[in-house]
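Subject: Structure handover

Hello,

Here is the structure I said I would pass on.

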Amino acid sequence: MALQVALAAPLIIMGGWGGERAHAAILRACELSQAAGVQSQLAEALFLLSTNYVGSGRIAEAMDVGGSLLLLAQARGDRDALAAAQIVLGEAHLFGGDLS
């Protein structure tokens, strides 16, 4: 799990925030974290996945994943994950043109 998240950084640098190779690594990190029940890693992976969706213009998916991160953060009482969820949801609204 940690390796998949660690792989995301160089892949993002090489292919941008919306890159397909980064997307595959981040998606795999989400799957592994969910299967293992490691919620702290899942929160980090969901943050990266939502940001990847924003970077590739997939705003609806970014909102869905950001919403999942928000629910996870609230359930865990994780202030860092809560801040991350608010950031990605704000990005999704901004880049989606929802400025209300």
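This is a predicted model: local features need pLDDT of at least 70, side-chain atom pairs count only at pLDDT 80 or more; totals for chains, interfaces and linings use all residues.

The largest nonpolar core has 26 residues. Ile26, Cys30, Leu46, Leu49 and Leu69 have the most contacts inside it. Helices H1 (2-15), H2 (20-36), H3, H4 and H5 each supply at least two residues of this core. H3 gives the largest share, eight residues.

Leaving out residues up to four places away in sequence, Ile26 touches Ala8, Ala45, Leu48, Leu49 and Asn52. Asn52 lies in helix H3, which runs over residues 39-55. Asn52 is buried, its relative accessible area being 1%. Besides Ile26, the contacts of Asn52 beyond four places in sequence are Trp17, Gly18, Gly19, Ala22 and His23.

Helix H4 covers residues 59-76, 18 residues in total. At 1.5 Å a residue H4 should span 26 Å, and its end C-alpha atoms are 25 Å apart, so the two values agree. The buried residues in H4 are Ala62, Val65, Gly66, Leu69, Leu72 and Ala73. They cover an arc of only 120 degrees around the axis and therefore sit on the same side of H4. An α-helix has 3.6 residues a turn, so residues three or four places apart point the same way. The buried residues of H4 pack against H3 and helix H5 (79-95). Ala60, Asp64, Leu71 and Ala75, on the other side of H4, are exposed. Just after H4, Gly77 has a positive phi of about 65 degrees.

Regards

Technical notes
Residues are numbered from 1 along each chain as its sequence is written. Side-chain values use heavy atoms; hydrogens and water are left out. Helices (H or I, at least four residues) and strands (E, at least two) are DSSP runs, numbered from the N terminus. Buried means under 20% relative accessible area, exposed over 50%, partly exposed in between (1.4 Å probe, protein chains only). Contact means heavy atoms within 4.5 Å. The expected span of a helix is 1.5 Å times one less than its number of residues. The arc is that of the directions from the helix axis to the C-beta atoms. A nonpolar core is a set of buried Ala, Val, Leu, Ile, Met, Phe, Trp, Tyr and Cys residues joined through side-chain atoms within 4.5 Å.
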